[in-house]
Amino acid sequence: MFGKRGSGADLAPKEPITPPPQVSEPAAPAAEPAKPAPESRAEPAAAAPEPVAAPAAPEKAASAPRKKSEDYYDIKTQIFSALIDTIDLSQLGRLDVEAAREEIRDIVGDIIALKNVVMSIAEQEDLLEDICNDVLGFGPLEPLLARDDIADIMVNGAETTFIEVSGKVEETPIKFRDNQQLMNICQRIVSQVGRRVDEASPICDARLIDGSRVNVIAPPLAIDGPTLTIRKFKKDKLTLDQLVKFGSISPEGGEILQIIGRCRCNVLISGGTGSGKTTLLNCLTAYIDSTERIITCEDAAELQLQQPHVVRLETRPPNLEGEGEVTMRELVKNCLRMRPERIIVGEVRGPEAFDLLQAMNTGHDGSMGTLHANSPREALSRLESMITMGGFSLPSKTIREMIVSSVDVIVQAMRLRDGSRRITHVTEVVGMEGDVIITQDVFLYDITGEDASGKIIGRHKSTGIGRPVFWERARYFGEENRLAAALDAADSQEAMA
């Protein structure tokens, strides 16, 4: 198939390669008792055809990679080098992924036989899968990317990889051959979206095909080797109903958020890093009418809107000559010429805040964005600061009046110390008293304590607002009855508590 395949006489070594028995030792033998060897592979989907006999085992245990010894990596390096000398990469590039994977597995199997490598079936399966991932995918990262329970992957050089699962960070046995292999994988990831990372341009923001956010910082800025951070997106996009089920918001609060999304309120989603701002923004956009034209502006396109009429825009970094950069502000300004009905900014972090407020205040009701802040009040202060940073010499009162006339609701998300994520405030912007912006909370999250395992206990409570400021907007869209019912139910729950 690949042209270079022929007699394998030159691949056979003078002495057989015999790895020591510790190559196949699992890192945690107690986690998989008495399982057949083929079932302990890093990717269950590619295992031998025999089904796994323990359906009750959690996904994490089934997918967790085993720790491998130095001898395993030495053997893998030798076989990988022989594979590169054997295959014709130009022919390989013409095949689809599955056909190329099968062909590589066949060639590696031949090389293992010719080199007289003594390995168990499980070890061979691990080796075959690792080499296929190195050639066609993202190498050692593939088992982690295949797991849907991981929220973040953090690679700190070739030797150390951490993941976040259920809000907790833990170290994995995953490691790379060397920093050069890690750098090659980083370049492969960012090149998919037309970006580059090297010594001349050592910082890069990119995304995977599924929208997962990627950040790479390479030497000489990263002293201990390339550092790769991936914020993974779940294969199945979360919905507001699921957030209610997980306790991130109460059912009554979820109903009010649905109405806010439906009746075209201008919304800012505020929160710290990893608090779930983008996830919440995705949930709110699900209630946008399918007939509306939506334009999204992001640094790395990660929003997953399901409406049929969506235009996705993405910023562009400068080239090697320092030219060709397209900033977020330029995208937002250009949106106004594209006949948008809603403008959604993935993250507001600079002078584009002024242009977004202008858009919100000039007929583009229902626009949304996220920004970093620890409370709704701080979000308003940061918004004012970002406008001032853009060089606008406007009086503070004028900027605040613009904010009040543009922003209707601030939704605050927070990641608590136990790793759980909660919507802690649903706050509406009421108006001005003198030079001060007046806000009122519709919903709050009240922490009441923690259980024996350290999990935080709390409840969402209504503040007793009978008629929010956005009531008239809800009435215009025929949602006032739903809004009244949700507020009454929240008051009833508060009275019972």
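**Exercise 1. Work out whether Thr239 is buried, partly exposed or exposed, and where it sits.**

Start with the number: Thr239 has 34% relative accessibility, so it counts as partly exposed. The cut-offs behind that call are under 20% relative accessible area for buried, over 50% for exposed and partly exposed in between, with a 1.4 Å probe and protein chains only. Before going on, note that this is a predicted model, where local features need pLDDT of at least 70, side-chain atom pairs count only at pLDDT 80 or more, and totals for chains, interfaces and linings use all residues. Residues are numbered from 1 along each chain as its sequence is written, and side-chain values use heavy atoms, with hydrogens and water left out.

Helices (H or I, at least four residues) and strands (E, at least two) are DSSP runs, numbered from the N terminus. Last, look across the chain: the C-alpha atoms of Thr239 and Cys283 are 5.2 Å apart, although 44 residues separate the two along the chain.

**Exercise 2. Follow E6 back into its sheet and find the strand order.**

The sheet is open and has six strands, ordered E3-E2-E1-E6-E5-E4, with antiparallel pairing. Two strands pair if DSSP finds at least two bridges between them. At the edges are strand E3 (168-172) and strand E4 (203-207), each pairing on one side only.

Now zoom in on one pair: strand E5 (residues 213-217) and strand E6 (residues 227-231) run antiparallel and are joined by five bridges. Within this stretch, Ile217 stands opposite Thr227 in E6.

**Exercise 3. Decide whether Gln412 is buried or exposed, then list its polar partners.**

Gln412 is in strand E12 (residues 409-415).

The Gln412 side chain makes one with the side chain of Ser270 at 2.8 Å. The Gln412 side chain also reaches the backbone oxygen of Ala373 at 3.1 Å.

**Exercise 4. Do the burial check for Arg264.**

Arg264 lies in the loop between helix H9 (251-262) and strand E7 (267-271). With a relative accessible area of 13%, Arg264 is buried.

Key
Polar contact = N/O pair within 3.5 Å; in protein donor to acceptor, adjacent residues only side chain to side chain.
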